[in-house]
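Open your viewer and keep the selection tool at hand.

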Amino acid sequence: MKGQAPGCRVHTPASLAGALELLAAEKGVWRPLAGGTDLMVPFAAGKLPFMDFLNLWGLEELRGLEISEDAITLGALSTYSEIRNHSLLQREFPNLVQSAWVTGAIAIQNRGTLGGNLANGSPAADTPPSLLTYGAEVQLQSIAGSRWVPYENFHTGYKQTVMLPEELITRIRIRRPKGNNFHFFRKVGTRKAQAIAKVCVAAYARVEEGRVVEFRLGLGSVAPVPVRARTVELMVEGCVVDTLLIAAARTALMEDIRPIDDIRSTAKYRRTVAANVLGQLLEEMVEHFDRMA
Amino acid sequence: MTQPLHLGHSRPRKEGRAKVTGAAHYTDDVRMEGLLHGATVRSPVPRGILRGIQFGDGIPWNEFVIVTAKDVPGDPMVALIEHDQPFLVADRINHAEEAVLLLAHEDRFLLERARAAVRLEIEALPPLLDLEDSLACKEVVWGQDNLFKELLIEKGEVDSVWKTAAHIVEGEYRTGAQEQLYIEPNGTIAVADAGGVTVWGSLQCPYYVHKAIKSLFNLSDDQVRIIQMETGGGFGGKEDYPSLIAGHAALLSMKAGGRPVKIIYDREEDMVATTKRHPSRTRIRSAFDTEGTLLALDLDFAIDGGAYVTLTPVVLSRGAIHAGGPYRCANTRIHARAVATNTPPHGAFRGFGAPQSLFAIERHMDVAAAQLGMDPIALRKRNLLKMGDTTATGQIIKETLDLPGILDRALEKLDYVSKKHQYDITNRASAPIKKGVGFAVFMHGCGFTGAGETYLASVAGVEGRSDGKVYVLAASTEIGQGTNTMFSQVVAEALRVPMECVEVAQPDTAVVPNSGPTVASRTCMVVGKLVQDAAQGLRQTLVQSGLLPEPYDGEAFSRAVKAYLEKFGRLKAYSQYSTPPHIVWDDQLYKGDAYTTFAWACYAAEVIVDTRTFEVKVEDFVALQEVGRVLNPVLAEGQIEGGVAQGIGYGLSEQVVWNNGRMANGQMTNYIMATSADLPRIRVYFEENPYALGPGGAKGIGELPMDGPAPALLNAVQHALGTTLPREIPLTPERLMEILEPSNA
């Protein structure tokens, strides 16, 4: 292991207030540590530029799940295992549950957290496309107070977010799907488990009287940040289900994504497969609503 | 004949309990007084001249043991086939990750900071990174012409056939590098002082390390002692490389005044710096008559050896000999070349050249079947070797061999014929999911190639000790494949005693004779036979001494061992390899009996291809083989399953991503080996045909399963997609996309 363990400091605050006070008092010094599943990999490789960690794991304020009529609010420390085992989430938010299932291995799922996944800011993370389909909002809190940020505005660039150094992610809120809806999630990672996505596609659609009234399409690993495919969404929303122009939607998707070549895949593969999976999801969507009609 | 007590029965692993309870002692578990940790500073560039070494600020350099090429007391080159690979760079850098400087300190965290603080001043030279560029001598980086080894196998008159043949089928096939990915990365501990050098390590071949250390330090045989610790896998990756690490640790220890030095690679260092399977390119020109009889085979087989020779000539030799596949062909020419490039040296990996050339020929047979409009089964059956036929080297098949039967039975297990028919129809629909079935027929030569075993003249033995047990004395190591259990079964059988009466001595060059390296599917068939003979000798000695009246049980046997030792002081028996009389090999002409025997197999696979994502999923896999007599069914099945899993990765996903001669994906996250979630149920079947010269009738088994999966899978993809174009492995989704949608932006 190349990580410099002896030089590290780990502070474990007694409360959320204590954590926020420290972040405000020593700005930029302390790196929040939740499950550690993202941080420990570069740490072991000697590539993590931080030595001082604020250990959030024990903060009960950041756990739990609240259910209201319109929304579900998840504590930032909700683990992938908690998410995939929750029966209401399984029923109403299949995309989120599936993305929790395909993140890392069981040990990672027991330890990795939703808040950590967002704060880490990887464009290849598995939960962001799902969160984008459910209109997620993120609560950021500092000693000065808290604010809610639409998740689609949360990432500002590769591994960059709107978070201020003194803020923590405390909650993630997702809107409960209503009416006649369709969910789709597919991660393409070449192997079934323990893979980082080459392309990840999630979608949510709601139909009223044969017309798509809501359509959200989230993608991972195809741009510097997890993205909503706005061009495709605008094209699909308002359409009568049976008249969807799938080929046109595939072409429009190219406006929404900016994939690159890297060690895991090629830009061409990502473009081609993102379009193919979009085609698959739209076909399945049409079939689904036809069956419901 | 008496019923076997142990052979043919699934006895539990001798060291299994210690491994699963964590009691087994691996190299990194060793604690020693005054131990220093060692680290290696490596070149970031693939080719250049070392101009200087700068030691950065903020590190107490006076506390460090620092070794450079100037500190080497003896031969600065690793003693193997050629002495061309330096332990440390003196001035010329020939590959990225090449070791330049060694550091040791008792604080391993400070050691890492120091490693990062060393700056190498290198004048970069243009690197040679491609096999074809090397063949074309775009740069000359080794010898006069980059050629490590060239050989020619010729039979009949190949060039007399082309003009009159009904069909000529040509093809080019490529295979990539592959990482061994043993569970335990490389590691070693060394003590070098006035008395000599002692090494403890994770390694396959104690006497290879012994030879290299002797020459590095100018020492005699008995001044060097190599001890194998519990080893978490090798697959060839710990065949030659441990010599280099052991040399590094010993050089540091010498400079540290004899304090023990431990070097343990982490996964990334192990993946980027140590050897991998040789990438290859095979061009095949073949001629068939109107009925599909193979008239001529002209093969041009080339492999990329990386920066130094290491084991490359032997890999080339095995690859070339297997290149013609299990076919009868009167006119064959195999031109084989191994060349240098500026990548880290490629080395031994399960299969050792054969997976590369067998991929080419077995893929080519399906390409040829498509071109001839023939069924791939019928085409092969017309040409498969049978008893009395000769191989490409002119070796006459003298044993009973029923390859068409092996083929039929494997296909029957897969339900190949009806599935093929069914998918031919269903694949015509526009649905994005296509299904296919495919297979490969192949063989693997058991033991060393050609005169290898004769030159080795291996010795193994058994020893009765004061605890009343008999210990196997061999340098052949347990690396997860079951050697301890197999040796114990063979010896317990020969002595007619329970398994508990037999133990395997820790491979330690001060204790065990040189039974040769743990390679080439030879440990069971060759060394197992020596151990069996030695055990029979020991039993005879005991019986003739009158101390072991027959019949006896385990307790009586132990009493007899103890009594013998009290009376005579020592109870040992050895056996040495001698070449079977009918084996003749000409190493100049590459003619004759390349191997004493072969294991034979047909592997069949069913795949599902998703044409939206270009992913290939293995749905079913049948591995049917003839390996002589199976000594331990559970261990043998495990060997086959593991080899098939490795072969599936080789064929579909395990891609080494190179960036200017460096491995860019040296993490298990990004190097895509199959997990259990990606593997089908691997169905293993054995056809038993006892081999007269193996212990209990056994042949070699270790490498065989690596050879068949890749061609079987790509043949199945050919069936699923109706294109013969997939000819390169790994067939990643990106590659398959380029084949199916080449023009797509």
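Select A:Ser221, which sits in the loop between strand S13 (211-220) and strand S14 (227-228) of chain A. Strands here are DSSP runs of E with at least two residues, helices are runs of H or I with at least four, and both are numbered from the N terminus. A:Ser221 is not a glycine, yet its phi is positive, about 65 degrees. Is A:Ser221 buried or exposed? A:Ser221 is buried, because 30 other C-beta atoms lie within 10 Å. (Buried means 20 or more other C-beta atoms within 10 Å of a residue's own, exposed means 12 or fewer, and partly exposed is in between; C-beta atoms are placed from the backbone.)

This is a predicted model: local features need pLDDT of at least 70, side-chain atom pairs count only at pLDDT 80 or more, and totals for chains, interfaces and linings use all residues. Residues are numbered from 1 along each chain as its sequence is written, while chains are lettered from A and ligands numbered from 1 in the order in which they are written.

**Next: B:Asn660**

Jump to the loop between strand S25 (658-659) and strand S26 (662-663) of chain B, where B:Asn660 lies. B:Asn660 has a positive phi of about 50 degrees, and it is not a glycine. B:Asn660 counts as partly exposed because it has 14 other C-beta atoms within 10 Å.

**Next: two cis bonds**

Select B:Glu550 and B:Pro551. The peptide bond between them is cis, with omega near -10 degrees. B:Pro551 is in the loop between helix H14 (523-544) and helix H15 (554-568) of chain B. Now go to B:Ile729 and B:Pro730: their peptide bond is also cis, with omega near 0 degrees.

**Next: where the chains meet**

Show both chains. How many residues of chain A are in contact with chain B? There are 25, facing 24 residues of chain B. (Contact means C-beta atoms, placed from the backbone, within 7 Å.) Colour helix H11 (residues 267-292) of chain A: its 6 residues are the largest share of chain A's side.

Colour chain A by domain: domain 1 (7-55), domain 2 (60-175) and domain 3 (180-292). These bounds come from an automatic or database domain assignment. Over C-alpha atoms, the centres of domain 1 and domain 2 of chain A are 19 Å apart. Their contact takes 14 residues from domain 1 of chain A and 19 from domain 2 of chain A. Finish on helix H1 (residues 16-25) of chain A, which gives the most to domain 1's side of that contact, with 6 residues.

How values were computed
Two residues are in contact if their C-beta atoms, placed from the backbone, lie within 7 Å.
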